[in-house]
Amino acid sequence: MAFGTNIRTWFEGRWHEGDIAVMRAADHGIWQGSSVFDGARLFDGLVPDLDLHCARVNRSAAALMITPTIDPAEMVEIAREGLRKYAKGAAVYVRPMYWALDGSDLGVAPQEGATGFALCLEEVPMPPADKTTTLTTTQFRRPVLADNVCNAKAGCLYPNNARMLVEAKRKGFGNALVQDAMGNVAESATANVFIVRDGVVLTPVANGTFLAGITRARHMANLRAAGVEVREAVLTLDDVRAADEVFLSGNFGKVTPVTGFDDVTYAHGPMTKRIREIYMDWALSSPL
C-alpha cells in the first residue's frame, strides 16, 4: 500500500505517473532484503538538505554491498524535475531507493554492479506545528554494527522498528523510546530524540547503534549558531524522565514535541518551539 497520494516514480530513465511496479519476483532485494532508501521533503516550496539525503542513500547502498549507480547531484536534479510537476504549496515525500537485482555466489550476497534504482514522490502532508506525541519503553533494542547494518538506512532494519512501534501503540502511546544494547537511550522507533534540561539541549551520542539523522545534525548546527548549548551525551531513561522538554527529530516532521513518557508529562516548551522556528527560518535558504 502506498504511503501517500499523487505518486510519481522515476524508473529506468524516465518519469511514470503512479505507483508502478519496479521489482521482479526473483530480484535479490525481495527475497534477501537487500534494499535501502532515504527520505527528503518538499514543503512550502522548500527542499531542505535534499543533497545530503541523496548522498546518504549512496552510502547506505555501499554499506549493504549494493553498487550505487546514480551520482547524488544527478539524483537531486531528477528529484527537482519530478517535484516541479506538483501544485504550488504541495507537501511531498521524496524517496530514492536502491535494491540488488542478482545474488553472487550462493545467492546471499548482492552481485556487484547489478542494481535497481527508483525515486518515488508521494504527496504526504506535513504534521501541524502543534502535533505532539507520547513515549513509552519497549522490550526491543537497537542492534549493533556487529550484527546488523546500523550504518545504513536499510529496509531490513525496519521490522524491528515496527514491532517497537506496535508495542507502544498497544500500550496506548504514540511512539517508543528505544535503548541500545547497553541499556542507554538510542532513539525513538521512528526518529532521533532530544531532551532539554536547564536550557541545555542534549541528544544521545552517536555510538553506531542508530542512524544519526541529517535533520538531527541540522538542528544541532542551527542551535549552536544561535548560541544554544548542545551536547551529545550518554543518556538513560531516568535522564529523559528528569528532562524539562523532550522532542523527536526526523525528516518527516522535522520537530515533534513529546508531552509524555509513561507517567511523566512535559510541556510543549519554549525551547522546542524555538528549535522549530529556527529550522523553518533556515529552510528558507533551500528553495526548489
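Q: How do you know that helix 5 (residues 214–225) has a reach close to the one expected?
A: Helix 5 has twelve residues and reaches 17 Å from first C-alpha to last. The expected span is 1.5 Å times one less than the number of residues. A helix here is a DSSP run of H or I, at least four residues; a strand is a run of E, at least two; both are numbered from the N terminus.

Q: What kind of model is this, and which residues count?
A: The model is predicted: local features need pLDDT of at least 70, side-chain atom pairs count only at pLDDT 80 or more, and totals for chains, interfaces and linings use all residues. Residues are numbered from 1 along each chain as its sequence is written, and side-chain values use heavy atoms, with hydrogens and water left out.

Q: Which residues of helix 5 are called buried, and what makes a residue buried?
A: Buried means under 20% relative accessible area, exposed means over 50%, and partly exposed lies in between (1.4 Å probe, protein chains only). In helix 5, I214, T215, R216, H219, M220, N222 and L223 are buried. They pack against elements including helix 2 (50–63), strand 12 (230–233) and helix 7 (270–283). Contact means heavy atoms within 4.5 Å. Just after helix 5, G227 takes a positive phi of about 90°.

Q: Why is A206 called partly exposed?
A: Its relative accessibility is 40%, so A206 counts as partly exposed. A206 sits in the loop between strand 11 and helix 5. Leaving out residues up to four places away in sequence, A206 touches A212, R216 and E232.

Q: What makes a nonpolar core, and which residues have the most contacts inside the largest one?
A: A nonpolar core is a set of buried Ala, Val, Leu, Ile, Met, Phe, Trp, Tyr and Cys residues joined through side-chain atoms within 4.5 Å. The largest has 31 residues, and L50, M75, V94, Y98, L119 and L121 have the most contacts inside it. Helix 3 (72–83) is one of the elements that supply at least two residues of this core. Helix 3 gives the most, with five residues.

Q: How do you know that this core draws on domain 1 (7–123) and domain 2 (133–284)?
A: Each of domain 1 and domain 2 gives this core at least three residues. The domain bounds come from an automatic or database domain assignment. Across the two, 19 residues of domain 1 are in contact with 21 residues of domain 2. Their C-alpha centres lie 25 Å apart.

Q: Which residues of helix 3 are buried, and what do they pack against?
A: M75, V76, I78, A79, R80, G82 and L83 are buried. They pack against strand 1 (5–11), strand 2 (14–17), strand 4, helix 2, strand 5 and strand 6.

Q: How many helices and strands does the protein chain have, and why is the chain called as compact as a globular protein of its length?
A: There are seven helices and 15 strands. The radius of gyration is 19 Å, close to the 19 Å that the globule rule gives for 288 residues, so the chain is as compact as a globular protein of that length. The radius is taken over C-alpha atoms, and the globule rule is 2.2 Å times the number of residues to the power 0.38.

Q: What share of the protein chain is buried?
A: Buried residues make up 53% of the 288 residues.
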